[in-house]
Amino acid sequence: MIRNQLLVCAGGACITSGEKSVKDVLVDELKKNGIEDEVQVIETGCMGACDLGPIVVVYPEGTFYQKVTVKNAGLIVSEHLVKGRTVSELLYTEPTSEKQARTSGDIPFYTRQVKRVLRNCGVIDPLSIEEYIARDGYFALGKALEMTPDDIIRVLVDSGLRGRGGAGFPTGLKWKATREAKGSPKYVVCNGDEGDPGAFMDRSVLEGDPHSIIEAMAIAGYAIGAEKGYMYVRAEYPLAIERFEYAIGKAREYGFLGRDILGTGFNFDIEIRIGAGAFVCGEETALLRSIEGKRGTPSIKPPFPAQAGLWAKPTLINNVETYANIPQIITNGAEWFRSVGSVKSPGTKVFALAGNVQNTGLVEVPMGTTLRELVFEIGGGIPGGKKFKAAQTGGPSGGVITADYLDMPIDFDTLKEIGTIMGSGGLIVLDESSCMVDIAKFYLGFTVDESCGKCTPCREGTRQMYQMMERICEGKGRDGDIEKLNKLANVIKDTSLCGLGQSAPNPVLSTIRFYEDEYRAHIYEKKCPSHVCKHLLTYSIMPDKCVGCTACARQCPVDAITGEVKKTHVVDQSKCIKCGSCYEICRFGAIRKE
Amino acid sequence: METRMLNVKINGRDYQVPDGTTILKAARDYAKIDVPTLCYLEGISEEGACAICVVEVKGARNLQRACVVKVSEGMEVWTNTSRVREARKLNVELLLANHPKDCFTCEKNQICDLRELAAELGVREVEFPRTRTELLPFDNTSLSLVRDPNKCVLCRRCVNVCAKVQSVYAIDIVGRGSNSTVSTFLDEGLGNVECVNCGQCLLVCPTGAITERSEIPEVWKALGDPDKVVVVETAPAVRVAIGEEFGMPDGTQATGKMAAALRRLGFNKVFDTDFSADLTIMEEGFELIGRIKNGGTLPLITSCSPGWIKFVETFFPKVLDHISTCKSPQQMFGTVTKTYWAEKMGIDPRKIVVVSIMPCTAKKFEKERPEMKSAFHYWQEKLGLKDEEAFKDVDCVLTTREAAQMIREAGIDFANLPDEDFDKPLGESTGAAVIFGATGGVMEAALRTAYEVLTKKTLAKLDFEDVRGLDGIKSADVDIDGTILKVAVASGLGNARALMEQVQKGESPYHFIEIMCCPGGCLGGGGQPISDNPDIKKKRAEAIYREDAGKPIRKSHENPEITEIYEDFLGEPNSEKAHHLLHTEYCDRSCK
């Protein structure tokens, strides 16, 4: 008889912070206490609050234990499960109110979220198809198979669901176009090549709720007239691949995949294809080439995949998060889906919250949520009492949202208006110590590395831009650089072959738009206002504060600091390599960085 | 079904163009407006990689690539807005930023597409610095071709021609982003992979990134050596193309001027590969007759084209017993010169330098094949030569372009030279030999001889029209006195592959197949002048058939010098001596 369940978060971040050993300790302790038959340990998908991992939730009470370690995991068994006493040292303390939270329902990070895509992540055992079914899993497939394909597509069109992969194309129209396209066989493809730095919502779904994607792909197969689906996952997601593969096997066993599904005569099956690490393979035409076994390079659209996709056959390609919405739309209807979100962007969006913010992790909120809610209410604000500066969205294809737009509802269209994009939902919070020129350079560097090299503007142009950015950050900026960056960026956007190149200049354009003064400071005054670009920094010693302790001189790796004991020290600027080690070692605040 | 006509506006004017037309073709063919291109090669390379052909289309967010985007009803296209001009110019500038600035010494300096493009678009300044820090190493592994990746603009024309036309797949893009280059399997180099040395990649390269391995210095050195007897042979397809190098109209028959120019370069004897082409027909014709009569392996497949030979050795080693054992005319010529002619003239064969002028880069590879030393084996015992004194049958191979370059270097006014004849005896040839230069020519020449030998009757009509023309695969049923001989002709290795798959499966209906490596045959060879005339192959073919028609003798077996060589030296076709000197063997080059 099971009296308690221990849900152990087995998301990527928790695994990295020691989840496996914690789980082993829990299992051992249960045995030692002889209650292994009464308490079930279940590894779940990602629970979202990544900075709190490893997380263990005790059911039925829902007690939320965070930052569990090998040393204190035993307490959950000996105290909570054996003696019935909550382990208060493992509870989460809300930083502003300093109140302890007993369950996730007491943590603002969770209470502000609306979990649809992530509804099963962290709740069910991803390896258990029974648990998925118990949460209404595969109900939508059964329902869909009783509908006509046209009715399914109509529900999708009515729902207003837009592609979560980045561009926000209406999903229903894509399905309609693929259904109406001439050609056979047709294919269903799921894009799981999540590549934006920091974004991991697709991985979480694949790891935490794989059956929802299988179900959605099967519905898609029925709706467009395909019998074959391909799940394309990047090789860097081994756990997702493992769990998805296992789930496919189970789905076949239960008759949700294979021949004559649920006795309706509909046949559908899924194969996994593993990407080899190129970011550009997230671009749909490149992804399709990769599935075909060819080099992943994009090709011109039209023809769109709906007309000529895999092996030139009509192909439906959606991303993981998009599919994750489908079963619930079929089950609950278009109106239900539209009940949250904004008019033009209904539903929810999962964001990967990262950067200079208290709570990092995955959060799912209604479209139209403001940045303020995301950063300050769910994210818990900026650590260290620093000021919010901007949020970067859309990864290397996006741009920044500045403090002026903190109260703007975020959806596909509003972001586009201010020069950034939704992208796959990466949201990186930047505080006042971030240099926007440096940030733009970082993202540009990413696209330079990940450009496939096929078309001139992206291959050659982004590298030219990157070198200009490097120059600017090194204090070698020249008059006219901003204009040149703008000109180059516009031609790259205008003439690149695929979305990667067309959006590669966005981080630069967006930061020039909102922070031109920072660019000008770098170029004309040779100063980095945020003290980030090290070539533009000067370290000097303030005589009034220096006590002559010699710590800085001993720390300096290039012997640039001289001075006698108990006398003021001096930095030789010609030797200084601006490593900052003197600044860090000085206990008297005597080193000035400017 | 009739093609629907679409209404489109180009630069404000209305046109009706067929559905399915690209913007590029609509602009060029209907509006008579050129849209510049770089990576585009009609039917072969249509990838939209270079982003030079961009145009503005009303309603489209971005500039569109004219080469791949098709027109739609009501489309409004603008090819000449400042947005378009600036984008094109900037993309060319980006290419130039990393392109070596050594145009003075570049082989392609007069015919470089990139240089022309920069001039056309008015690029007067490159405002971007070089971003590549290191020079990439040359690929010097091939005996035929040299690749300089620094000059490559990654247009992919070479990759596409190698894959789609030749089905060889020797090269592809490797690496990512600005580190991407065109390379071979594991960077092994062209000489160590399946490359067949055809040089089609060179012909389509818009810059000087692919060139032939030049042998001009060796030839100048031989010409300057008083101890050497330097003999030159010229392939059939060279004479109808070399005039292009000197501004003569496309399709000029420049045979006489070519002989005159070569004589003025200082060659001791100006001979003709056409002589050995006639010899090839004798050997191969009799081989065919022998196989038909004695139930030998059929179809018999021709062996003149060294690119084709390496292809079949690499991809279809199982069909090697179908390949004629005859050497190519080039190699037969070298052997005959250093045996028959040397003996006849009393010249030490070691003093003879055989230079061949070929429309072909694969010939440079062929002459280095280790088995191509028949003359040495012939003389070894007689002269008491040691193994290390071995010499090749053919010493140097120049492409048509290299020959023209030497003529230019010597300051010879090619176009105004008098017409001169080849030297005898190895300069005598027939119309049957001339047509070797066009696809179907070897077949036609062989049929002329085989028919008359088999039937002992004179052919009423010498022209076998069915095997002429530039189609990739041609076939015909030839009635030889009631016996139907089924023949097929293919040029371009993609077409050859299709026929070989049949042969490999034992399903080939043919008795005799002619294969030429390059599309159109030797007249379209990788050693030919680089032309921007889309009809160039047709022009050269017309000149070849004019040359044939104008020849007093048009059948190989009627060449008096051929009769003489058999009477005085070889005995009869396919004799043991002929086998030793004029036939060869092949090797399996497939991956195992």
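This report covers strand pairing and domains in chain A, then the overall build of chain B.

## Basis of the model

The model is predicted: local features need pLDDT of at least 70, side-chain atom pairs count only at pLDDT 80 or more, and totals for chains, interfaces and linings use all residues. Residues are numbered from 1 along each chain as its sequence is written, while chains are lettered from A and ligands numbered from 1 in the order in which they are written.

## Strand 1 of chain A

Strand 1 of chain A (residues 4-9) pairs with strand 2 of chain A (residues 39-44) in the parallel sense, over 6 bridges. Strands are DSSP runs (E, at least two residues), numbered from the N terminus. They pair if DSSP finds at least two bridges between them. Gln5(A) has Gln40(A) in strand 2 as its bridge partner.

Strand 1 of chain A also runs antiparallel to strand 3 of chain A (residues 56-59), with 4 bridges. There, Leu6(A) stands opposite Val58(A).

## Domains of chain A

Chain A is assigned domain 1 (4-107), domain 2 (129-338), domain 3 (348-431), domain 4 (436-524) and domain 5 (537-593). These bounds come from an automatic or database domain assignment. The centres of domain 1 and domain 5 of chain A, taken over C-alpha atoms, are 47 Å apart.

## Overall build of chain B

Chain B has 19 helices and 17 strands; helices are DSSP runs of H or I with at least four residues. The C-alpha atoms of chain B fill a box of roughly 80 × 60 × 55 Å along the principal axes.

Of the 592 residues in chain B, 53% are buried (20 or more other C-beta atoms within 10 Å of the residue's own, with C-beta atoms placed from the backbone).

Key
Buried ≥ 20, exposed ≤ 12 C-beta atoms within 10 Å, placed from the backbone.
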